[in-house]
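Hi,

I am passing a structure on to you, with some notes on what turned up in it. Have a look at it first, and then read on below.

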Amino acid sequence: MAAAAAGLSWRRVSSFTGPVPRSRHGHRAVAIRELLIIFGGGNEGIADELHVYNTVTNQWFLPAVRGDIPPGCAAHGFVCDGTRILVFGGMVEYGRYSNDLYELQASRWLWKKVKPQAPSNGSPPCPRLGHSFSLYGNKCYLFGGLANESEDSNNNVPRYLNDFYELELQHGSGVVGWSIPVTKGILPSPRESHTAIVYCRKDVGSPKMYIFGGMCGCRLNDLWELDIETMTWSRPETKGTVPLPRSLHTANVIGNKMYVFGGWVPQSAGGEISAPDGEWKCTGSFSYLNLDTTEWIGLISDCQEDKSNLLPGPRAGHCAVAVGTRLYIWSGRDGYRKAWNNQVCCKDLWYLDTERPLAPSQVQLIRATTNSFQLKWDEVPTVEGYLLQLHADSPVPPVAGIPGTGIPETSVLSSQGGCSLHQSPQSLPSVPYPEMKVDHPSQTNNLIPNNVQVALSSSSKVEGKEKVAAPENKATQETMKNHADATGFKESNAPSLLPVCTSSAQTSANVGELHDLDKQSVNPDASVSCTVSSSQTMVTQQAVKTESSSTNGAVVKDETSLTTFNSKSEAAETAYVMPSSRVSTGQTNDSHSSRAPQRLPAPVKTRDRRWYDVGIFKNNSAVVSQFYLLPEETLNINSKTEGAAVPDYRLLKKQDLIPGTVYRFRVAAINGCGVGPFSKISEFKTCIPGFPGAPSTVKITKSVDCIHLSWEPPASPSGNILEYSAYLAIRSTQLQENPSQLVFMRIYCGLKTSCVVTAAQLSNAHVDYTSRPAIVFRISAKNERGYGPATQVRWLQGKVTVTHR
């Protein structure tokens with residue numbers, strides 16, 4: 001297959017849910033994050049519904065739109081600016097075109113008809129269809145199209161346009177008005193059903209608009225360039241084979257390439273542009289233009305027929321949308337000589353990965369036990385799975401240690417009324433916020449057993465054992481100050497590398513709602529009306545959350561003694577949890593760890609530093625208790641390089657994890673182009689039996705002049721709990737010199753599972769900005785063997801005002 005030779009791997013989406021829109025042509029689509037938003041088009045009438053497809057969940061839905069809902073239209077302009085969408089013109093009923101402008105605020109699904117000012121040097125755009133409407137910065141650029149009226153008295157000759165307008169947008173919502181820019185050079189010839197894209201080279205920085213093809217009585221394949229800064233039109237010289245003349249095709253920019261798919265092309269593959277009465281056909285041809293070198297590269301030829309359904313069929317008037325480096329194509333007409341309002345249309349949805357995926361974030365530790373890890377990493381958009389690997393050091397003997405963190409990072413509500421993390425969901429207001437998903441330690445692993453190219457099913461299992469993937473933080477150590485701890489904690493044999501617990505909630509648009517997509521972060525707890533205010537620490541925020549994680553920490557004797565901790569934060573260290581979510585406990589490690597005197601592990605022989613596959617996982621989390629052993633003859637130091645083939649795991653032996661052993665992890669994403677580069681390496685240690693787990697279910701309640709900090713005992717005390725210690729990260733000159741090292745002051749030591757943090761103590765708190773602004777606490781438990789891992793709690797702040805004394 002030519003497609004395979006070109007390195008293409010088209011995938012047809014065969015499994016989806018929700019109300020699938022009827023097939024059509026002349027529709028338009030844009031992407032907002034992982035959502036495809038489709039509007040208009042025609043097939044047995046003009047469609048007026050707004051359809052949304054979630055590319056992550058494979059779900060179609062019809063949002064409940066409101067406001068000035070526009071009539072259905074086809075061959076209209078459709079652009080996306082953040083989370084607002086602008087619709088201009090198009091055919092609103094057969095034979096009648098429009099020049100109306102509508103705005104959709106997708107964060108609220110609110111339509112509004114907008115009325116831009118007329119240009120000062122001419123008339124506003126006339127009604128039209130088949131025009132191009134492109135966005136760059138705060139301006140939309142309108143070019144060409146087909147006018148509603150003809151210059152021919154018998155109305156037999158269409159009036160093709162080549163007028164050019166700018167539409168200036170207001171920030172957030174609304175428009176300023178139309179203008180007719182003064183351009184240099186020669187305008188492109190009149191046309192409709194062409195494509196226009198905007199591209200800005202990284203090294204040059206001058207934005208360019210490219211117009212390709214279209215219809216003006218015959219199809220075109222000319223390429224035009226507009227320098228947006230100088231407003232100069234030109235015809236760039238190109239290399240390679242120019243695609244055949246076409247109209248009703250699509251063009252999308254991914255990276256530095258403009259991908260052109262489908263459309264109407266000449267029936268004969270001659271080089272001459274056909275006459276108006278020539279024979280034309282739909283095509284499934286696929287090319288790209290390298291926008292840095294202006295070279296055309298053909299990927300699927302016009303004459304290629306794919307009988308095996310491995311490629312999208314020929315079509316015109318379809319929509320194509322780029323989500324990251326993935327290109328989606330949906331519907332379009334596949335026949336000719338049919339009435340316009342009764343076309344034969346495709347009903348399929350396809351996607352193509354155009355590049356290998358980027359490297360994921362470092363693996364982070366959610367929970368560790370004596371013989372397993374629960375791991376997680378940041379999601380990589382538009383991937384089909386993740387390859388997780390590890391290699392192990394020799395078992396490390398017990399060493400003098402310090403408390404590491406142990407439970408998942410958790411969002412805890414703080415409020416005057418005592419709202420807690422475990423408020424019943426029935427008591428929350430019914431507000432349409434995105435569905436929040438929480439990965440619990442008990443979650444099963446979506447392990448994919450074999451081929452990278454398989455359809456990655458969430459129900460896949462290997463030999464009855466399911467696996468879940470998770471992120472990795474390299475637990476680092478830092479030198480403790482030489483002050484004795486009367487509690488005897490210093491001589492504890494707790495592991496020096498302990499797991500970090502992080503609860504991660506992924507946002508996905510619920511059926512019918514897109515909430516706050518125009519903001520950098522979504523606040524899933526905003527429906528809980530809990531207000532906190534403190535002159536020393538913070539200003540009012542509707543819902544204040546904390547996040548708890550697991551880190552190693554040193555316990556000190558009293559409030560005047562200080563200990564420093566490494567506070568280097570990973571990107572996915574913090575996470576959202578819905579108020580009704582309860583998070584399980586477990587011993588874990590974090591990147592916030594302190595250094596303790598420790599005997600170094602024995603040197604590892606080069607031949608032992610092999611990377612072993614843990615497996616391929618559908619989701620970005622895994623519970624790891626085993627890994628696969630490759631046959632001796634296939635092992636090498638750099639096993640499993642980027643893009644390498646994946647073995648048949650059913651034929652491999654498995655090795656269990658060992659207590660008290662340091663394991664290093666890396667992860668790579670997989671898409672239709674293969675296995676991408678690996679993440680940075682993370683390092684975690686399995687726990688040593690006998691130490692208590694980390695305190696859990698941390699709650700913070702705000703009072704007038706203090707806060708109340710409470711927690712529950714460890715789920716695994718491993719004996720009698722002798723005491724708890726709580727710490728607060730404080731400001732210090734040492735912290736100013738090295739922002740990666742948090743300095744903690746002990747604010748509580750005792751048997752109670754709660755303590756009061758006074759306003760005076762809070763006035764000295766350090767606000768950590770490594771991810772989101774937060775005040776940091778740590779809580780750990782001690783049994784006969786010593787202190788176990790600590791729970792780190794990041795008390796999320798709003799716009800923080802801290803009084804420096």
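This is a predicted model: local features need pLDDT of at least 70, side-chain atom pairs count only at pLDDT 80 or more; totals for chains, interfaces and linings use all residues.

**Aromatic contacts**

Let me start with a charge and a ring: arginine 219 lies over the face of tryptophan 280, at 4.5 Å from the ring centre.

Now to rings facing rings. The structure holds 26 aromatic pairs. One of them joins tryptophan 60 and tryptophan 330 in a tilted arrangement, 5.7 Å centre to centre and with 55° between the planes. This pair links distant parts of the chain: tryptophan 60 belongs to strand 5 (residues 59-61) and tryptophan 330 to strand 27 (residues 326-330), 270 residues apart.

Are these two tryptophans buried or exposed? Tryptophan 60 has a relative accessible area of 2%, so it is buried. Tryptophan 330 counts as buried too, at 3% relative accessibility.

Another pair is made by tryptophan 377 and tyrosine 386, whose ring centres are 5.5 Å apart. Their planes meet at 70°, and because edge-to-face means over 60 degrees, the pair falls in that class. Tryptophan 377 is buried, with 1% relative accessible area, and tyrosine 386 is buried as well, at 2%.

Finally, which residues form one aromatic cluster? They are Trp10, Tyr259, Phe261, Phe286 and Tyr288.

Happy to hear what you make of it.

Best wishes

Notes: Residues are numbered from 1 along each chain as its sequence is written. Side-chain values use heavy atoms; hydrogens and water are left out. Rings of Phe, Tyr and Trp (its six-membered ring) pair if their centres lie within 6.5 Å; planes under 30 degrees apart count as stacked, over 60 as edge-to-face and the rest as tilted. Helices (H or I, at least four residues) and strands (E, at least two) are DSSP runs, numbered from the N terminus. Buried means under 20% relative accessible area, exposed over 50%, partly exposed in between (1.4 Å probe, protein chains only). A charge sits over a ring if NZ of Lys or CZ of Arg is within 6 Å of the ring centre and within 35 degrees of the ring normal.
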